[in-house]
Amino acid sequence: MSGATSISYDDVVAWINTFAATIRAQKDYLTALDSAIGDADHGINMDRGMQAAIAKLPGLPARDVGAAFKSVGMTLVSTVGGASGPLYGTFFLQFGTATAGRESIGVDDVNRALDAAIAGIQRLGKAEAGDKTMLDALLPARDALHAAAESGASLEEALARMAEAAEQGMLATTPLVARKGRASYLGERSAGHQDPGATSSYLLLKAAADTWSGSASGEAPG
Ligand code: ADP
Ligand code: MG
């Protein structure tokens, strides 16, 4: 897929499968992060939801990118308890609404879909930049993707810059004091730990970048 200028239905399915495989591989790590500032279930939550989500993809009736994302969103909402189920569910539902009826999408579509997905998370969770949540990975990633698209970067380069910004945002959550979610109950003691949701959001966008650079294995480990 290296050098491609648009994202096909099969690419989207590969991205979702790569994300699910990455979550499975990083399940214990995500749960360990959540044990420091939450209730030690983030890896378990995300793995349960993504395994259920990928099981439904082969049975979808049409090669509709939006329908694939919406299916993932509905499955996450219905199978994942905790904050991350509805939040990631909304992300994928909004991403799917923005790409409804499309057999392939380009970088401008990804930009619009990511904007809609982030807006959905903010409507639901009311978090802002710096609150030590998944948004601290998603917001800088969104800005980097917009900037890359404006500068005329290739699809592959734009997605790579998006993932790089998400990683920096994820790392920058460590010193923050949580103001939203379970970690906020800890107050100042939440500082000094990387946010689990920002970490899974980085993994989502990294899976996208890896899918279009051709470096994703797409296979579950073990
Ligand atoms: P729970 O906190 O219910 O146990 P998870 O452990 O699965 O759910 O997910 C925790 C993650 O959810 C946090 O690390 C944070 O990134 C994210 N999160 C929590 N509340 C919000 C919110 N209001 N807005 C955005 N993200 C949030
Ligand atoms: Mg938790």
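**Entry: terms and conventions**

Before looking anything up, I wrote down that a residue is called buried under 20% relative accessible area, exposed over 50%, and partly exposed in between, with a 1.4 Å probe and protein chains only. I noted that this is a predicted model, in which local features need pLDDT of at least 70 and side-chain atom pairs count only at pLDDT 80 or more, while totals for chains, interfaces and linings use all residues. I also noted that residues are numbered from 1 along each chain as its sequence is written, that chains are lettered from A and ligands numbered from 1 in the order in which they are written, and that side-chain values use heavy atoms, with hydrogens and water left out.

**Entry: the whole protein**

I looked up the secondary structure, taking helices (H or I, at least four residues) and strands (E, at least two) as DSSP runs numbered from the N terminus, and I found nine helices and two strands. Following the sequence, I read the order of these elements as β-α-α-α-α-α-β-α-α-α-α. The radius of gyration is 16 Å, close to the 17 Å that the globule rule gives for 222 residues, so I wrote the protein down as being as compact as a globular protein of that length. For this I used the radius over C-alpha atoms, and the globule rule of 2.2 Å times the number of residues to the power 0.38.

Along the principal axes, I found that the C-alpha trace spans about 45 × 40 × 35 Å. I then checked burial, and 48% of the 222 residues count as buried. The accessible surface, by the Shrake-Rupley method with a 1.4 Å probe and with only the protein chains shown as cover for residues, comes to about 9200 Å², and 53% of it belongs to carbon and sulfur atoms.

For contacts, meaning heavy atoms within 4.5 Å, I looked at those with a sequence separation of 6 or more, and 69% of them join residues 24 or more positions apart. For charges, I counted Lys and Arg as positive and Asp and Glu as negative, leaving out His and the chain ends, and placed each charge at NZ of Lys, CZ of Arg, CG of Asp or CD of Glu. The mean positions of the 18 positive and 25 negative charges are 7 Å apart.

**Entry: aromatic rings**

I took rings of Phe, Tyr and Trp (its six-membered ring) as a pair if their centres lie within 6.5 Å, with planes under 30 degrees apart called stacked, over 60 edge-to-face, and the rest tilted. By this rule I have seven aromatic pairs. In one of them, Phe-69 and Phe-92 are stacked, with 6.3 Å from centre to centre and 20° between the planes. This pair links distant parts of the chain, for Phe-69 lies in helix H4 (residues 65–79) and Phe-92 in helix H5 (residues 84–98), 23 residues apart. Both Phe-69 and Phe-92 are buried, and they belong to one aromatic cluster together with Trp-15, Phe-91, Phe-95 and Trp-212.

**Entry: two lysines in a loop**

I looked up Lys-126 and found it in the loop between helix H6 (107–125) and helix H7 (135–150), and I saw that Lys-132 is placed in the loop between H6 and H7 as well. Lys-126 has a positive phi of about 60° although it is not a glycine, and for Lys-132 the positive phi is about 65°.

**Entry: single residues**

Leu-57 sits in the loop between helix H3 (42–56) and H4, and at 6% relative accessibility I counted Leu-57 as buried. Leaving aside neighbours within four places in sequence, I found Leu-57 in contact with Tyr-9, Val-13, Ile-16, Ala-68 and Val-72.

Arg-48, in helix H3, is partly exposed, with a relative accessible area of 41%. Beyond four places in sequence, I found that Arg-48 is in contact with Thr-79, Val-80 and Gly-81.

Ser-84, in helix H5, is buried at 6% relative accessible area, and I listed His-42, Asn-45, Met-46 and Gly-89 as residues that Ser-84 touches, not counting those up to four places away in sequence.

Ser-104 belongs to strand S2 (residues 104–105) and is partly exposed, with a relative accessible area of 30%. Its contacts, again leaving aside neighbours within four places in sequence, are Ser-6, Ile-7, Ser-8 and Val-65.
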